[in-house]
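The sequence and the model are shown first.

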Amino acid sequence: MIPAKQLFSLVSCSLIISSVSITGYTASAYGISFTNTLSIPGESTDLYPSSGNSANVNRLGFFSEIYYDRFNNVYYGLSDRGPGGGTISYNTRVQKFSLDVDPKTGAISNFKVLKTITFTKDGQNFNGLNPRLLNGDARNLGLSFDPEGFAVGPNGHFYVSDEYGPSIYEFKPDGSFLRAFTIPENLIPKEANGNVNYVDGRPTITTGRQDNRGFEGLTLSPDGTKLYGMLQGPLVNEGSPDGRRSGNLRIVEFETKTGKSTAQYIYQLESLAEINERIPGEDNDFGANSQGRNIGISSITALNEQEFLVLERDNRGFGVDAINGLVDAPTETPPPVGSKRVYKINISGATDVSGISLADTNTLPAGVNPVSKSLFLDIAAVLSPENPGDWTKIGEKMEGLVIGPRLKDGSYALLIGTDNDYSVTQDDSSTQFDICTNSDGSSYSKRVIDSGCPDGQRLIPGFLYSFKVSPTELGKFVPLKKSH
């Protein structure tokens, strides 16, 4: 068992190194190095109008996605559906923020929220409550919104993808709704009788995206003509016996002009055998039904018209789930991290599978080619080189990935952010709790939301990691073209 005093090493180290550059941990032979980590306190608030600090009103949410607007040198950090995993009312939003990036080292510092932008339609707020709770009907998506992917078009409009639908919406820069993209029928969650159901999972739904596994990633092509939405896991019906045992998930291409889908490609997750091989012993191995559920993707960002970076991860590491588990069973040890990686992919040779079903199979039909894929960055090995499985040193939900500013030597800063779940539990209960831990990790607690942490404890922070990437390693990176 890991000594309790080491539990908070991730947080305390991050606070220490947030203003210094740390290099030397090489992520690849071609020029990726870890620079530093910025820790953002869980008690931080955004700029939503409020006189206090409340979890479902103005507690800062981050980083379900990160976007860098290189024309204006500002960033956007996407909050998801809010505290409690869709059980607490929360007006969904995106944070516009500034960040200092050292032009020589890529070290990051001075995170500051500039503007909190809520998503609205006809004057009403989109809300993080699931459709059954918000609309009284699992078939009615309405204003239920779980935003997970974000991009800004050449005209300044926001493109935001969501997991409930799955959906892709276009908004004005003030967050007001413009249009919804047309989602392919094979992605829409349905019951055996054909009824749409945006809330329940298997076995209630038999086709379409798995519950809470919609469009987790979204990116825009450099010319602004195409959007790519990426499902977090395989479709519920595409696997044997279901999508929880498959590693084949879909990237969906859309035309920004028409809002319609033009292609679908298969991305294959790393095999369970390879992931489990990295985990010492067998007690903590991922089961056969984990690949399409406990392991998935969290972000996609375009390098050029054919190549992309994809963030793939498991659900282990320092976060609400692990700390909550220790509150309930302090003698237990959270399982080791198995996968926190960035891959480079290429869609140029992939088969369009828009009209091809992968139902009842975990393998691809003859003649169907997935996107090509190669390891770009092993995040866990870089953050904890002596023990890449050490959950105390690696953030659980790494969900934001963005290529930041170009540095003086021609390299780029690559930023990866974590989602701290607002430091709130997210189970099926109607009552959720704040999760607190102390500075040295020797005690933990569940507290009634907004009641404050005990003396010496605090909410779980969010982390922003910076890596320096050489132009050789990044390859042919083409930034988004500005609209004229």
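The following text treats the pocket, then the sheets, then the salt bridges.

The model is predicted: local features need pLDDT of at least 70 and side-chain atom pairs count only at pLDDT 80 or more, while totals for chains, interfaces and linings use all residues. Residues are numbered from 1 along each chain as its sequence is written, and side-chain values use heavy atoms, with hydrogens and water left out.

The largest pocket has a volume of about 1200 Å³. A pocket here is an open set of points on a 1 Å grid over the protein atoms alone, where a 1.4 Å probe fits, with protein on both sides within 12 Å along at least five of seven lines; lining residues have an atom within 4 Å of a point. The volume is the space filled by probe spheres set on the points, which are joined across faces, edges and corners. The lining comprises 49 residues, and Arg 81, Asn 212, Arg 213, Arg 293 and Gln 426 lie nearest the centre. By class, the lining has 23 charged, 15 polar and eleven nonpolar residues. At least two lining residues come from each of helix H2 (131-135), strand S19 (295-302), strand S20 (307-314) and helix H4 (320-328); helices (H or I, at least four residues) and strands (E, at least two) are DSSP runs, numbered from the N terminus.

**Sheets.** S3 pairs with S4 (residues 74-78) over five bridges, and Glu 65 stands opposite Leu 78 in S4. A further open sheet has the order S9-S10-S11-S12, also antiparallel, with S9 (147-152) and S12 (177-180) at the edges.

**Salt bridges.** The structure holds 22 salt bridges, each a side-chain nitrogen of Lys or Arg within 4 Å of a carboxyl oxygen of Asp or Glu. Three of them are tabulated below.

| Pair | N to O distance |
|---|---|
| Asp 146 and Arg 81 | 3.7 Å |
| Glu 185 and Lys 190 | 2.6 Å |
| Glu 312 and Lys 373 | 3.0 Å |

Glu 312 lies in strand S20 and Lys 373 in strand S22 (residues 372-378), so this pair ties together parts 61 residues apart in sequence. Glu 312 is buried, at 0% relative accessible area, whereas Lys 373 is partly exposed at 28%; buried means under 20%, exposed over 50%, and partly exposed in between (1.4 Å probe, protein chains only). Asp 146 and Arg 81 are both buried.

Notes. Nonpolar A, V, L, I, M, F, W, Y, C, P; charged D, E, K, R; others polar. Pairing = 2+ DSSP bridges.
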